Amino acid sequence: MSQPVQPPASAYFITPEKEAIEKRTLAILVDNEPGVLARVIGLFSGRGYNIESLTVSETEHERHLSRITVVTRGAPHVIEQLKSQLDRIVPVHRVVDLTRAAGEDGETGPIERELAIVKVAGLADKRVEALRLADVFRAKVIDSSIEHFVFEITGRPSKIDKFVAIMAPLGLVEVCRTGVAALSRGKDGM
């Protein structure tokens with residue numbers, strides 16, 4: 001007799017099965033000081049949440065504030081719990097669910113962009129095809145030799161995914177991605 005299969009220890013499996021898992025983009029405004037990023041990320045990992053994308057940068061130099069942009073997945077009520085827990089961390093000034101805010105405004109989602117650097121090695125026809133496709137995707141050649149190209153491409157994460165998938169059979173060697181940078185639409189800030 002076989003043993004029942006136990007779900008992995010993850011917050012995704014705490015939610016009722018009827019609730020759909022959604023992709024969300026969160027913007028978190030925090031003090032730019034040592035240990036803050038570790039505390040925010042520790043909240044995710046300690047509760048079994050996966051982070052699909054993470055970007056951090058100081059955005060207000062005079063006030064020493066940084067913006068953390070996190071892309072994660074979860075049931076809506078789980079994401080709300082996570083936002084509530086993030087709001088209680090002392091150096092966190094504000095947490096905004098950019099995906100939900102866009103939905104409330106009747107928009108399809110926040111403005112999201114990502115940068116990727118993609119190395120492709122190949123000769124002859126594959127080299128010509130890689131250049132042609134890079135032009136279609138508006139990728140720039142930032143380094144090249146007789147045997148390889150390094151492309152820089154920016155756009156929505158789905159565009160980057162497509163470009164990487166198309167380059168794979170042409171000699172994809174390496175990919176480096178920055179993670180998602182996102183802003184809400186409209187005139188108001190965070």
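Where is the place of Ile51?

1. **Before you start.** This is a predicted model, in which local features need pLDDT of at least 70 and side-chain atom pairs count only at pLDDT 80 or more, while totals for chains, interfaces and linings use all residues. Residues are numbered from 1 along each chain as its sequence is written, and side-chain values use heavy atoms, with hydrogens and water left out.

2. **Ile51.** Ile51 sits in strand E2 (residues 51-60); strands (E, at least two residues) and helices (H or I, at least four) are DSSP runs, numbered from the N terminus. Ile51 is partly exposed, with a relative accessible area of 23%; partly exposed lies between buried (under 20%) and exposed (over 50%), using a 1.4 Å probe and protein chains only. Leaving aside residues up to four places away in sequence, Ile51 touches Ile41, Phe44, Val70 and Val71, where contact means heavy atoms within 4.5 Å.

3. **The sheet.** The strand order E2-E3-E1-E4 describes an open sheet of 4 strands with antiparallel pairing; two strands pair if DSSP finds at least two bridges between them. E2 and E4 are the edge strands, each pairing on one side only. E1 and E4 are joined by 5 bridges, and Ile28 stands opposite Val95 in E4.

4. **Helices on the sheet.** H1 lies across E1, E2, E3 and E4, and runs at about 155° to E2. H2 also packs on the sheet, touching E1, E3 and E4, and its direction makes about 5° with that of E1. Axes are lines fitted to C-alpha atoms, for helices over the stretch in contact, and angles run from 0 to 180 degrees between N-to-C directions.

5. **The largest nonpolar core.** Among its 18 residues, Ile28, Val40, Phe44, Leu82, Leu86 and Val92 touch the most other members. Such a core is a set of buried Ala, Val, Leu, Ile, Met, Phe, Trp, Tyr and Cys residues joined through side-chain atoms within 4.5 Å. Apart from this core lies another, of 16 residues, including Val118, Ala130, Phe151 and Phe163.

6. **A helix pair.** Helix H4 (residues 124-136) packs with helix H5 (residues 157-167) at an angle of about 170°, their axes 11 Å apart. That makes H4 roughly antiparallel to H5, a label for angles over 145 degrees. Ala130, Leu133 and Ala134 in H4 meet Phe163, Ile166 and Met167 in H5.

7. **A hairpin.** Strands E6 (residues 140-144) and E7 (residues 148-155) run antiparallel, joined by 4 bridges. The hairpin between E6 and E7 passes through 3 residues, and Asp143 stands opposite Val150 in E7.

How values were computed
Parallel < 35°, antiparallel > 145°, perpendicular 65-115°, else oblique.
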